[in-house]
Amino acid sequence: MGFIQQGKEEVALGSRVCVGRSAECGLAIPDRRVSGRHAELVWTRKGWQVRDLGSTNGTTLDGVRLEAGKDYSLSPGSVLAFGDPENQWKLIDATPPQALAIATSGLRRAAEDGLLALPDDDHLEAVIFESHPGAWIAEVEGEPRAVKDQDCLSLNGDTWRLCLPRFHEETLAISSQVGVQPGLHFEVSRDEEFIRIWFVKNDARVEVATRAHHYMLLLLARARMEDQGSGLASGEAGWLYAEDFCKMLGTEPHLLNVMVHRARQQFARLEMDGAAGLIERRRSTRQMRIGVDQLAVSPIL
């Protein structure tokens, strides 16, 4: 993702970063020559751009003062100065932004494999991902809701501001695949102590390393296959109430949410199309299901 640097300080760029003296800015510069809201760095389909917001002391790009309100393209190595021409920042990485969350405490978390876990993978309270092009979902304690760029989430006494990409061509291509994953094939031992999962990608068989959350996926797959076998429409097949599913697994809701995240994460790292949609959830009803339509379960011989 994009990074801007001054000396040893590096700042990750969300899709829209306000630069200014105000503490509320994504890049806060405590200098009296910098206006409260001085400039903006924005990712667009054309790449990174900078715009001076009518600041008192101006913004320079590679030593040239910018016209306020006009967009200027940036490239790797572009040098920016806000207010003081000697107070320079260099764009050291001009790649597209990833989903990013910034806490009021100053902590920052960037998405990994298309999944943004807050506050982190080990203390999971929320997961943010793109459900389809330009549409973002936050699952907070297993409850999904729509979110957008610059929305805030309050989690365990801290507030996180979301910086969500809006014009990332690669992201759009990936996210358009959510919900159209390849089929999953489960191979299960007689005692169900060993579960092997594989799927086909680009005509090649991709085997998924055995993990504890595979039993959860197996139960969800069986529920969907049973409903499909009884004639239920695809959109209604396989839904289970999270509370009932926790009892089936003998686990707690928080641990179930961790398993869901780890399953999505594992399949995303294997570059499975639409891995964020591996598990689907319904808002308000607290129902969930495996988000794969083509399923097969067979014994290990």
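A nonpolar core is a set of buried Ala, Val, Leu, Ile, Met, Phe, Trp, Tyr and Cys residues joined through side-chain atoms within 4.5 Å; buried means under 20% relative accessible area with a 1.4 Å probe and protein chains only. The views show a predicted model, in which local features need pLDDT of at least 70, side-chain atom pairs count only at pLDDT 80 or more, and totals for chains, interfaces and linings use all residues. Residues are numbered from 1 along each chain as its sequence is written, and side-chain values use heavy atoms, with hydrogens and water left out.

**View 1. The largest nonpolar core has 32 residues.** Leu184, Phe186, Met216, Leu217, Phe267, Leu278 and Ile290 touch the most other members. Elements supplying at least two residues each include β20 (184-188), α3 (242-249) and β25 (287-290). Helices (H or I, at least four residues) and strands (E, at least two) are DSSP runs, numbered from the N terminus. With 7 residues, α2 gives the most to this core. Another core, of 21 residues, lies apart from it and has Ile4, Leu41, Val50 and Leu91 among its members.

**View 2. Strand β25 pairs with β24 and β23.** Two strands pair if DSSP finds at least two bridges between them. The β24 strand (residues 279-282) is antiparallel to β25, with 4 bridges, and 2 bridges join β23 (residues 240-241) to β25, also antiparallel. Gln287 in β25 stands opposite Arg282 and opposite Tyr241. The hairpin of β24 and β25 has 4 residues between the strands, and Ser284 in the turn has a positive phi of about 75°.

**View 3. The side chains of β25 point two ways.** Gln287 and Arg289 point one way, Met288 and Ile290 the other, and all are buried. In a regular strand the side chains alternate between the two faces of the sheet. Beyond its neighbours within four places in sequence, Ile290 has contacts (heavy atoms within 4.5 Å) that include Leu184, Phe186, Leu217 and Arg224.

**View 4. The second largest pocket has a volume of about 320 Å³.** On a 1 Å grid over the protein atoms alone, a pocket is an open set of points where a 1.4 Å probe fits, with protein on both sides within 12 Å along at least five of seven lines; lining residues have an atom within 4 Å of a point. Grid points are joined across faces, edges and corners, and a volume is the space filled by probe spheres set on the points. Of the 20 lining residues, Ala23, Cys25, Gly26, Ile102 and Arg108 are the closest to the centre of this pocket. The largest share of the lining, 3 residues, comes from β19.

Terms used
Buried means under 20% relative accessible area, exposed over 50%, partly exposed in between (1.4 Å probe, protein chains only).
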